[in-house]
Amino acid sequence: MATDSMEIDDSLYSRQRYVLGDSAMHQMAQSSVFLSGMGGLGVEIAKNIVLAGVKAVTLHDTKQCETWDLGSNFFIRKEDVLSQRRRVEAVCPHVAELNPYVHVDMSSSALDDNTDLSFLRRYQCVILTEARLSLQKRVNEFCHSQQPPIRFISCDVYGICARVFCDFGEEFEVFDPTGEEPKEVFIQSITQDNPGVVTCMDNQPHGLQTGQSVVFREVGGMVELNGTSRQVSVLSSHSFAIGDTSQLQPYTHGGFFVMVKTPKMYRFETLERQLCEPRVLTPDFSKPEAPLQIHAGMLALDTFQEQHSRLPNTGCLQDAEVLLKLTEEVNAALKSKASVNTELVRCLSRTARGALPPLAAAVGGLASQEVLKAITGKFAPLQQWFYLDAIEVVKPLQSLSAEEFSPRGDRYDGLRACIGDSLCLQLHKLRVFMVGCGAIGCEMLKNFALLGIGLAKNSGEVCITDPDLIEKSNLNRQFLFRPHHIQKPKSTTAAEATHDINPDLQVEAHLNKVCPATENIYNDSFYSSLNIVVTALDNVEARRYVDSRCVSNQRPLLDSGTMGTKGHTEIIVPNLTESYNSHRDPPEEEIPFCTLKSFPSVIEHTIQWARDKFESAFVHKPSMYNSFWQTHSSAEVVLQRMQAGESLEGSFQVIKLLSRQPTQWEQCVAVARLKFEKYFKRKALQLLHSFPLDTRLKDGSLFWQSPKRPPTPLEFDLKDSLHFAFIVSTARLFAGIYNIPYSERDLSEEAITRILADVKIPEYRPSEKCIETDETARKPDQIKMPLSSEEERDAITHLEQAIATDRVTPERLRMSPLQFEKDDDSNGHMDFVASASSLRAIMYSIEPADRLKTKRIAGKIIPAIATATAAVAGLVALELIKVVGGFGFESHKNCFFNLAIPVVVLTEPAAVKQTLIRNNIYYTIWDCWTVFGHEDFTLSDFMNAVREKYGIEPTMVVHGVKMLYVPVMPGHSKRLKLTMHKLIKPSVDRRYVDLTVSFAPEADGDEDLPGPPVRYYFSPDGETP
């Protein structure tokens, strides 16, 4: 971020701006951070905060690179170990190249109990990792005592346990605790009472909490409320009290309210004071005592290190007993305590020297978000401890011999100390398919590299696919990519970068989409060669498809996603859990057609309207035009067929476009001016003609009342920058689709003024056409609408004129459709959408949105930040280890988090449901019954085979959308004698088909019973016939 001009580089930071907002981004660009400890956790935090865009980071570490570091630090290479470089020297250049706007320097000076800490005064935030507790206390006391306080964070990961501690001073003001955008909610009624009660329109939830404030706008009748702020007392999800309204005028209609964001003060205690009575966040409610149990265990580990100047030895039972005794002593002295968890302490002792890279990634994501909170005051800070354990990863391994966990002198020694050599080997042999190489994909590949997943020498492989190219906005969180990679494929670039982290990995990169069209590549034999599938996708449709392929092929699927600071992970394991498709999110509510066309009430409506106008004029119409002339290559033949009374689909719209086609820049400007008149003046005049302001509905209420807003016609004024922006951007886009050249000078105010002086605006005459007011009505399809005889005559006349005046040339029968590109500010696309949306908003008295918000809504941009993507990928990789180890259902965890609040919730996945067909015959989503046939196998043979094998009578057989056998359908009984080959007509290479079969109910008259898919193989051995 260019700090001198304080301009935010939107091309880099656009997705993050939607998470943090510009005020927080500016704060970050003025903040310096000190980060000590360049182990796995330290480098995660360094990566995330440098990507986020702070002003400066000092990386501090005193250790040398060791082989062991290669398994936990993704920026240390083999040559760094061989040349015995300091860790901080190896890491610093890699961290620095993540973001050119951040100044990254390094220090390897001693930081201990004797260091003069005054150098820390130049930082706004200090983070310690891998520091002894005595040093943490000393640095924390120093930071806490400064005016203003230096924000202090310490975090540690030892084996399976992790902790984060925050102290942001005696008083820390947060200007936006949640980051949620305040919604405009329309009002149904307000009582004239003490207290007055507000009810939301259509029982919409208000999302408020008692004590918050709202501000009122556009309230009819009780006008005294407008512009005022009132504190609320929640009565129900859609009503609340606002104090005395008895002396105000009675409410009549309309109005809306918006929540007012109020700053909140947070108070922190020092580390020393928090040790005995810690305030903790509880991530897993199935083990609510875990945070305090880990607190005691990790404090005991600190004491162990102070006494022995080392960590407990891996697998040393004596050390484990010493740590257990220390934990009991520590626990006895705590004011807030839980019972000592012996199993947890023993696992901590055994793994303390080890490293679980995914745990560092998950905790690093959360800790990094706390750093950003510390320096921006955006989002609620952690108060004050966060503890996380991965005991489920090591619990099933406790019976293994000590030899399993002992070091072998390679990069996996840290991992081996946690999960043992056999499980490491299984990870090396793994064959993984990952769909998507965006932000989560990059983070997953880093985890794969550190875990040694898919090594060439062990016949393992990581196959990745992504059709997208790298854009500049990706660099803010897709950390494997650099500026010189822009416009290169994500998958191949990510594969190379992963290979740099761990050269032993076998990564195969594809550029394909995973969808029905690529099933010839990602077929059943491909899935059967895999051990596990990981999705790193950004849309539900693709997830549903991959999930269905995994269920069909009995493969585990690990899914995750983020939106801003929120993240979720879902673990899908054959025969243990439900699948992604087992639950369906409610569909997104569509804006009614009549609302978009005539009655917008909120800014989202005007933005969607502008986006639809772009799509219609510059994408859909040119595409339809081209496809019409590709189908009908000669205008003369089209004319003859139309004169003969033939109806050609799309001809009316195409001939209209041809007859009005501009040929020079001046005509494009004139078209833009006429569009302004149509959209922003005539539309309003027509609406007010059809529905005058005093129009009333049948029940006597006003037509124009909230949420309907009456429009005000706009008078064109070239001196108004918004009007000028609309004319220029619209003219440019028309020039683009008609391939008309223009120069920079043509875009000047002077040139536009000159052209517009000659544009004649026809006089407005109101029409008597019907305006749609039914909110359930759908948008009519113009192409399929029947033409009136007058429209047909007009079209024929226009085409005759075009042919007669030699306007039908090959060049004029070809247009250039645009593709909406929100991230290129030079193409005029966003200029059009932003100006059109703002003008429509002004016409309807709606507060216009700034360009940034308009871009987010029009471009359907998902807000994103590196902290959340790092955290979800870490949590998924922890689950991957459990799946590979074949652990039981109770070991697995799904997660939902919101780093803004902060909340982290770990839950058991949904257990697979058994569905009863009848007579004690059950099935689950993972079941697939099989029948093996042959060339002469008939439908009757198939029905008999199902009955004999599974003990239940089939009644109906369906293949995809084709009904093969439905008893009540005429002629279907004759099909029983036909062969399955003849009925299904499989392609030559098809081995089987999955059929949907229904079964006979227990009692006549009941509905047929559903069952699992029945897989019919065309040959007895299941091979290609």
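Trainee: Which helices and strand each supply at least two residues of the lining of the largest cavity?

Mentor: Keep in mind that we're looking at a predicted model. The search turns up five cavities of 30 Å³ or more in the whole structure, and the largest has a volume of about 190 Å³. Its lining takes at least two residues from each of helix H7 (290-308), strand S17 (385-389), helix H11 (391-394) and helix H27 (866-884).

Trainee: And which element gives the most to the lining of the largest cavity?

Mentor: The lining has 19 residues, and those nearest the centre are Lys287, Leu388, Asp389, Glu392 and Leu906. Going by element, the top contributor supplies four residues, and that is H27.

Trainee: Okay, on to the open spaces. Which element gives the most to the lining of the second largest pocket?

Mentor: That pocket has a volume of about 1200 Å³. It is lined by 50 residues, with Lys63, Arg87, Glu130, Tyr158 and Leu311 closest to its centre. Elements that each supply at least two lining residues include helix H2 (40-52), strand S4 (125-129) and helix H12 (413-429). The biggest share is four residues, from S5.

Trainee: Now the rings. How many aromatic pairs does the count come to?

Mentor: Two rings pair if their centres lie within 6.5 Å. One aromatic cluster brings together Trp609, Phe614, Phe618, Phe676, Tyr679, Phe680, Phe716, Phe726, Phe734, Tyr738, Phe820 and Phe832. For the count as a whole, the number of aromatic pairs is 50.

Trainee: Which ring does the charged end of Lys708 sit over?

Mentor: There are a couple of charge-over-ring cases to look at. The charged end of Arg350 is placed over the ring of Phe405, at 4.1 Å from the ring centre. For Lys708, the distance to the ring centre is 5.2 Å, and the ring belongs to Phe599.

Trainee: Let's zoom in on Thr695. Is Thr695 buried or exposed?

Mentor: Thr695 is in the loop between helix H21 (665-690) and helix H22 (721-737). Setting aside residues up to four places away in sequence, Thr695 touches Ser701, Leu702 and Phe703. Its relative accessibility is 19%, and the cut-off is under 20%, so Thr695 counts as buried.

Trainee: How far apart in space are Gln667 and Ala735, C-alpha to C-alpha?

Mentor: Gln667 is part of helix H21, and its relative accessible area of 33% makes it partly exposed. In sequence, Gln667 and Ala735 are 68 residues apart, while their C-alpha separation in space is 9.1 Å.

Trainee: Last one is Ala536. Which residues is Ala536 in contact with, leaving aside neighbours within four places in sequence?

Mentor: Ala536 lies in the loop between strand S21 (532-535) and helix H16 (540-552), and at 12% relative accessible area it is buried. Ala536 and Val435 are 101 residues apart in sequence, yet their C-alpha atoms are 5.8 Å apart. With those neighbours left out, the contacts of Ala536 are Val435, Gly436, Ile440 and Gly441.

Terms used: Residues are numbered from 1 along each chain as its sequence is written. This is a predicted model: local features need pLDDT of at least 70, side-chain atom pairs count only at pLDDT 80 or more; totals for chains, interfaces and linings use all residues. Side-chain values use heavy atoms; hydrogens and water are left out. Rings of Phe, Tyr and Trp (its six-membered ring) pair if their centres lie within 6.5 Å; planes under 30 degrees apart count as stacked, over 60 as edge-to-face and the rest as tilted. A charge sits over a ring if NZ of Lys or CZ of Arg is within 6 Å of the ring centre and within 35 degrees of the ring normal. Buried means under 20% relative accessible area, exposed over 50%, partly exposed in between (1.4 Å probe, protein chains only). Contact means heavy atoms within 4.5 Å. On a 1 Å grid over the protein atoms alone, a cavity is a set of points where a 1.4 Å probe fits but cannot get out, and a pocket is an open set with protein on both sides within 12 Å along at least five of seven lines; lining residues have an atom within 4 Å of a point. Grid points are joined across faces, edges and corners, and a volume is the space filled by probe spheres set on the points.
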